[in-house]
Amino acid sequence: MTREDIMKSVITIIQEVMPEKDCSSIQDTDVPFVNIVDMDSMDFLDVIMALQKKYLIEIPDADFGNMRNMKSTLDYLETKLASK
Amino acid sequence: MNSRIVITGIGLTAPNGNNLADFRKSLLEGKSGVTLFKEKLMGDVLAGVCNYDENKYQTKKERRRGTRAASIGIYCAHEAIKDSNIILAEYDKAKIGIYVGITEHGTVEAEEEILSIKDYKYNVKYVSHLFNPKVIANNPAGEIALNLGITGPHYTLGAACAAGNIGIIHGAQMLMLGDVDIAICGGVSESIRTFLCFASFKNEGALANHCEPAKACRPFDLERNGIVVSEGGCLYILERLDDALARKATIYGELVGYGINTDATDYVAPDRTRQEQCMSKAIYRAGIQPHEIIIINTHATSTPLGDETEGKAIYNIFGKHDNVYITNTKSYIGHTMGAAGALELAGELPSFNDGFVHHTLNLDNLDTKCLITNIVRNEPLKLDNIKYIMNNSFGMLGINSTVIIKRYE
């Protein structure tokens with residue numbers, strides 16, 4: 001699974017959580033999701049849950065800080081999935 | 001009653017109409033809302049399904065976070081407010097109350113959540129953080145308050161299938177107490193979204209079965225064989241008469257009588273004597289004689305025992321009731337559970353203006369054991385001077401409710 005594949009999945013999940021927003025412009029950068037799609041804490045938890053279910057992984061609370069933008073999210077997921 | 005309470009707005013969604021005008025038209029035209037519905041575990045079942053626009057008053061995100069019951073409630077509340085012509089911005093939001101009758105709440109959401117973690121070997125780390133706000137008993141009322149920014153009291157009234165009437169009664173009582181200036185009240189149901197509801201009725205031998213969906217719900221007919229489970233909602237705007245007159249509101253009718261009581265005899269089987277007492281209580285409170293009631297909208301759900309019990313209870317109060325006309329709305333839409341009382345009453349209220357009593361569908365062979373002698377069948381009946389409408393709603397654990405509405409003049 002490539003970084004690009006993971007990014008597509010993350011965007012799909014965010015789009016499902018935030019159907020009124022256009023999530024297609026989210027790039028592999030360190031711009032916080034909240035600045036791009038106005039994600040609130042409930043949305044954020046939904047995204048985390050959806051990622052856990054999709055990849056059958058556990059994302060502990062302590063790691064939530066890695067999930068605030070696309071770049072760090074992908075870094076985190078790549079490492080996590082590689083170690084599965 | 002210390003204050004006179006009137007209905008000044010109605011918002012509804014029924015399996016055969018998403019506003020009062022369309023709903024009434026369906027009733028007068030004999031249009032059923034019962035259809036085949038794909039239930040996730042049971043396959044095709046008979047049900048009344050609503051098709052209102054979920055995103056008319058809610059964003060997709062809000063809908064995803066909330067429940068179907070609340071979505072129905074939000075739709076009905078907005079429609080009722082629009083219908084009443086009240087301008088929310090002109091009111092103290094703390095003086096508006098939301099009182100929503102429910103048969104049950106949380107079963108749909110609990111079932112969905114449990115099924116959603118089935119593929120994860122029931123690992124509870126996959127339980128959604130949104131589960132608790134969805135299943136709390138006040139959810140349908142609370143989401144309405146959240147959506148409308150109303151800061152007065154909001155809660156649900158769990159009263160089985162009597163809940164729609166009881167929502168209305170409670171709203172009126174809160175207005176009489178002066179606790180609120182506007183009551184948004186009635187009932188909602190999302191029960192078709194849970195297989196448990198269908199399965200439980202089926203295993204009780206109380207679920208309707210018929211090869212033609214529109215003919216499945218047949219109250220008082222010899223061939224009736226059970227309930228058609230439906231979803232729906234109906235919320236009213238109630239006000240004190242003086243307030244309604246001051247703003248020149250259109251008044252649908254005045255709540256003049258009501259009764260609530262309990263059988264205390266069985267979990268599911270109804271009790272004729274207590275139903276009689278409930279109706280008598282409402283008639284006494286209205287200060288009228290039984291023969292002054294022109295329309296009785298029956299609770300009858302199309303079960304053998306329930307219909308017979310209510311029919312006999314009505315007979316014992318009204319006798320052969322030559323000038324009292326019986327009708328039934330479930331024959332069109334099935335049993336909308338927590339919404340039933342409120343929704344079925346709404347279907348009758350236009351009678352004050354159009355002079356028609358809608359007929360009961362599927363009444364091919366009247367079951368004489370029900371002792372119903374003056375039921376409107378085959379086609380609507382035109383009458384003069386309809387002054388009082390009585391609406392019955394009864395539920396499990398023996399909860400009974402009756403509401404009497406008087407034409408406002």
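**Notebook: interfaces of chains A and B**

I began with the two chains: chain A and chain B bury about 1300 Å² between them, 52% of it on carbon and sulfur atoms. Here I take buried area as the accessible area (1.4 Å probe) that two parts lose on being put together, summed over both. I note that the size of an interface is often given in this way, as accessible area lost.

The model is predicted, so I recorded its limits: local features need pLDDT of at least 70, side-chain atom pairs count only at pLDDT 80 or more, and totals for chains, interfaces and linings use all residues. Residues are numbered from 1 along each chain as its sequence is written, chains are lettered from A and ligands numbered from 1 in the order in which they are written, and side-chain values use heavy atoms, with hydrogens and water left out.

**Entry 1: chain A against chain B**

I looked up the contact (heavy atoms within 4.5 Å) and found that it takes 16 residues from chain A and 13 residues from chain B. For salt bridges I used a side-chain nitrogen of Lys or Arg within 4 Å of a carboxyl oxygen of Asp or Glu. The rule finds 6 of them across this interface. One that I noted joins Arg64(B) to Asp46(A), at 3.0 Å from N to O.

I then listed the elements on the side of chain A that touches chain B; helix H1 (3–17) and helix H3 (41–55) of chain A give two or more residues each. Helices (H or I, at least four residues) and strands (E, at least two) are DSSP runs, numbered from the N terminus. H3(A) supplies the largest share of that side, 7 residues. By class, I read 8 nonpolar, 1 polar and 7 charged residues there. In this scheme Ala, Val, Leu, Ile, Met, Phe, Trp, Tyr, Cys and Pro are nonpolar, Asp, Glu, Lys and Arg are charged, and the others, Gly among them, are polar.

**Entry 2: the two domains of chain B**

I found chain B divided into domain 1 (5–246) and domain 2 (257–406), with bounds from an automatic or database domain assignment. Their centres, taken over C-alpha atoms, are 21 Å apart. In contact are 64 residues of domain 1 and 63 residues of domain 2. The area buried between these domains is about 4600 Å², with 67% from carbon and sulfur atoms. On the side of domain 1, Arg24(B), Phe220(B) and Arg224(B) lose the most area to domain 2, together 19% of what that side buries.

I counted 4 salt bridges across this domain interface. I also noted the salt bridge of Arg224(B) with Asp307(B), whose closest N and O atoms are 3.3 Å apart. H7(B) gives the most to the side of domain 1 that touches domain 2, with 8 residues. That side has 35 nonpolar, 21 polar and 8 charged residues.

**Entry 3: a sheet in chain B**

I traced an open sheet of 3 strands in chain B, in the order E2-E3-E7 with mixed pairing. Strand E2 (34–39) and E7 are at the edges with a single partner strand each, so one side of each has no neighbour in the sheet. Two strands pair if DSSP finds at least two bridges between them. E2(B) and strand E3 (residues 43–48) pair in the antiparallel sense over 6 bridges. Within E3(B), I found Leu46(B) as the bridge partner of Leu36(B).

**Entry 4: salt bridges overall**

Asp75(A) and Arg3(A) form a salt bridge at 2.9 Å, N to O. This pair links distant parts of the chain, 72 residues apart: Asp75(A) lies in helix H4 (residues 70–82) and Arg3(A) in helix H1 of chain A.
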